[in-house]
Amino acid sequence: MTTQTTDIPPAPAPTHRSWLRDHSELGVCVLLLILGVLVLTDALTMDVDIAQRGPVGPKTVPIVVGAVLLLIAALLAVDVLRGGRGQAETGEDIDLSEPADWRTVLLLAGVFLGAAVLIEPLGFPIAGALLFWGAAFALGSRHTDRDPLIAAGLSLVTYVVFNNLLGVPLPGGPLMGVL
């Protein structure tokens, strides 16, 4: 009778990770909670006597957004505490070995800065149209016949919705008498 000895590799040492590291998604919950409280606090302390035109006014959307942020923070915290984990990214359309496209970033920054400077003298409809068209151009759209028309339409619709329907006054500029 011969006995064989087999070398059994030792079991790997258990890795002790901290509780906070295992539940790091709770940081996102805290961020959403703080953001929700800030939005709700700002919305509830907003002075809207002049702009209030009915039951739906300038406070409505921020209150809904703040409440949804608090709800999402609570639901995410419950999921994380029950053992839920975020999925790792499986892939993206970007190549991390390529450098950043600083031309696009600078074009977009210039478009936003230009819109901020031009909104008072030109009004929102014109400055917004320049903003929407400039952003489309910076992001690669080269439809010079279609993009300005879409930008103008989008800017006018945005102006009418905010200024006339929601009661959020936007500068009209030279078009103030027309709109």
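Q: At what angle do α5 and helix α6 pack, and how far apart are their axes?
A: This is a predicted model. In it, α5 and helix α6 (residues 147-165) pack at about 135°, and their axes are 8 Å apart.

Q: Which residues of α5 and α6 make the contact?
A: On α5 they include Phe124, Gly128, Phe132 and Trp133. On α6 they include Asp147, Ala151, Leu154 and Tyr159.

Q: What is the hand of the crossing of α5 and α6?
A: The crossing is right-handed.

Q: What makes Trp133 and Phe137 a stacked aromatic pair?
A: Two values decide. The ring centres are 5.7 Å apart, and the limit is 6.5 Å. The planes are 25° apart, and stacked means under 30 degrees.

Q: How many residues apart are Trp133 and Phe137 in helix α5?
A: They are four residues apart in α5 (residues 124-138), which means a separation of about one helical turn.

Q: Why does Trp133 count as partly exposed?
A: Its relative accessible area is 33%. Buried means under 20%, and exposed means over 50%. The value lies in between, so Trp133 is partly exposed. Phe137, at 29%, is partly exposed too.

Note on methods
Residues numbered from 1 in each chain as written. Predicted model: local features only at pLDDT ≥ 70, side-chain atom pairs only at ≥ 80, totals over all residues. Heavy atoms only, no water. Phe/Tyr/Trp six-rings, centres within 6.5 Å; stacked < 30°, edge-to-face > 60°. Helix = DSSP H or I, 4+ residues; strand = E, 2+ residues; numbered from the N terminus. Buried < 20%, exposed > 50% of the residue type's maximum accessible area, 1.4 Å probe, protein only. Axes fitted to C-alpha atoms, helices over the stretch in contact; angles between N-to-C directions. Left-handed = near helix turned anticlockwise from the far one by under 90°. Contact = heavy atoms within 4.5 Å.
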